[in-house]
Amino acid sequence: MNNAIITVVGSDQVGIIARVSAYLSEKKVNIVDITQTILSGNFVMMMMVDLSQSAITIADLRTDMNKVGESMGVEINIMHERVFGAMHRV
């Protein structure tokens, strides 16, 4: 599997999950796991996605998702699962 972690943080508004998931679907990126919550009016979402069936690279996904985030006023970050795991290893 070619997994990545996507985080989305920003002011809560209608359509964040819909816009992000629609883009991922269009690029054939599968959402493997997802969690989201609202903390003091701030939307926070974390997704694990599988890029193995997609032609898009993580670098291109990062660039495109930055544009999606900017259009909604939220910050979207993407990193490969191995990098995320190494950063959070105790």
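Predicted model: local features only at pLDDT ≥ 70, side-chain atom pairs only at ≥ 80, totals over all residues.

Biologist: Let's start with Ile76. Why is Ile76 called buried?

Modeller: Its relative accessibility is 4%, and buried means under 20%, so Ile76 gets that label.

Biologist: Where is Ile76 found, and which residues is Ile76 in contact with, leaving aside neighbours within four places in sequence?

Modeller: Ile76 belongs to strand E4, residues 74-80. Its contacts beyond those neighbours are Ile6, Thr7, Val8, Val20, Met65, Asn66, Val68 and Gly69. As for Asp64, twelve residues away along the chain, its C-alpha lies 10.0 Å from that of Ile76.

Biologist: On to Lys28. What makes Lys28 exposed?

Modeller: The relative accessible area of Lys28 is 57%. Exposed means over 50%, so Lys28 counts as exposed. You'll find Lys28 in the loop between helix H1 (16-26) and strand E2 (30-39).

Biologist: And what is phi of Lys28 near?

Modeller: Near 60°, a positive value in a residue other than glycine. For context, most residues other than glycine have a negative phi.

Biologist: Now Ser40. Where is Ser40 found, and how do you know that Ser40 is exposed?

Modeller: Ser40 sits in the loop between E2 and strand E3 (42-50). Its relative accessible area comes out at 79%; the cut-off for exposed is over 50%, so Ser40 is exposed.

Biologist: What about phi of Ser40?

Modeller: Phi of Ser40 is near 50°, and that is a positive value in a residue other than glycine.

Key. Residues numbered from 1 in each chain as written. Heavy atoms only, no water. Helix = DSSP H or I, 4+ residues; strand = E, 2+ residues; numbered from the N terminus. Buried < 20%, exposed > 50% of the residue type's maximum accessible area, 1.4 Å probe, protein only. Contact = heavy atoms within 4.5 Å.
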